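Work through these exercises with the model open beside you. Try each task before reading its solution.

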Amino acid sequence: MFKKFTAKEDIHSRTNVKSSVQRGLKTKLVNQFPKLEEVIDEIIPKKGQLIVVKCTDRLSLYTMENEVLFLQRFDDPFIPSLRLVHKYPTYFPSVKVDRGAIKFILSGANIMCPGLTSKGASLPEENYPVGTVVAIFAEGKDTALAVGKMAMSLDDVKKVNKGIGIEVETHIGDGLWSLDLD
């Protein structure tokens, strides 16, 4: 999604978010990611100024102090930035892919089911429905390498084991990763 993303050409406007809207946003984020409740005031402090950056393709980046926290396209679910996932890795649903999938993910490919079900991968016991936003870790690595949305439920990934399991939204090294908002 962010392979050719650049600040100069793709960003249209920046707007300060009112404190009332900011409170509503925090509620939506906690509803989507329940574990965030204990750290939401660290991520978006009451006295901090949240800014929404409007981009091409109806994409909104929610930023604080020139750091992207979340992104959202239209009214789709919020997607945490990879840098935020690195700071709070246990607060988001996650999966682990096998070592062989790393180079493909870092080049922007979606994650195929066999990369999620092979020997080096690990999936949680709970089922993630279609559309669940997940942090993607890799075998032998400590930090997430991507964030994506489930293209099929986790139960179906285990049963079918064919096709795209996760659509990658952002990964290390893409345009969002290297975005400089200064």
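**Exercise 1.** Which backbone oxygen lies 2.8 Å from a polar atom of the side chain of Thr132?

*Solution.* Some ground rules come first. This is a predicted model, in which local features need pLDDT of at least 70 and side-chain atom pairs count only at pLDDT 80 or more, while totals for chains, interfaces and linings use all residues. Residues are numbered from 1 along each chain as its sequence is written, and side-chain values use heavy atoms, with hydrogens and water left out.

Step 1. Find Thr132 in the loop between α6 (113-117) and β8. Helices (H or I, at least four residues) and strands (E, at least two) are DSSP runs, numbered from the N terminus.

Step 2. Look for the oxygen. It belongs to the backbone of Pro129.

Step 3. Check the surroundings. Thr132 is buried, with a relative accessible area of 16%. Buried means under 20% relative accessible area, exposed over 50%, and partly exposed in between (1.4 Å probe, protein chains only).

Step 4. List the neighbours. Leaving out residues up to four places away in sequence, Thr132 touches Pro93, Gly148, Lys149 and Met150. Contact means heavy atoms within 4.5 Å.

**Exercise 2.** Determine why strand β8 (residues 133-138) is largely enclosed by the rest of the structure.

*Solution.* Step 1. Count the buried residues. They are 6 of the 6 in β8, so the strand is largely enclosed.

Step 1. Sort the side chains by direction. Val133, Ala135 and Phe137 point one way, and Val134, Ile136 and Ala138 point the other way. Residues of both sets are buried.

Step 2. Identify the pairing strands. Two strands pair if DSSP finds at least two bridges between them. Strand β6 (residues 94-97) runs parallel to β8, joined by 4 bridges. Strand β9 (residues 146-150) pairs with β8 in the antiparallel sense, also over 4 bridges.

Step 3. Pick out a bridge on each side. Ser94 has Ala135 of β8 as its bridge partner. Val133 has Lys149 of β9.

**Exercise 3.** Summarise the whole protein.

*Solution.* Step 1. Count elements: 7 helices and 10 strands.

Step 1. Judge the overall form. The radius of gyration is 16 Å, close to the 16 Å that the globule rule gives for 182 residues, so the protein is as compact as a globular protein of that length. The radius is taken over C-alpha atoms, and the rule is 2.2 Å times the number of residues to the power 0.38.

Step 2. Of the 182 residues, 46% count as buried.

Terms used:
A polar contact is a pair of N or O atoms within 3.5 Å; within protein, one must be able to donate a hydrogen and the other to accept it, and residues adjacent in sequence count only if both atoms are side-chain atoms.
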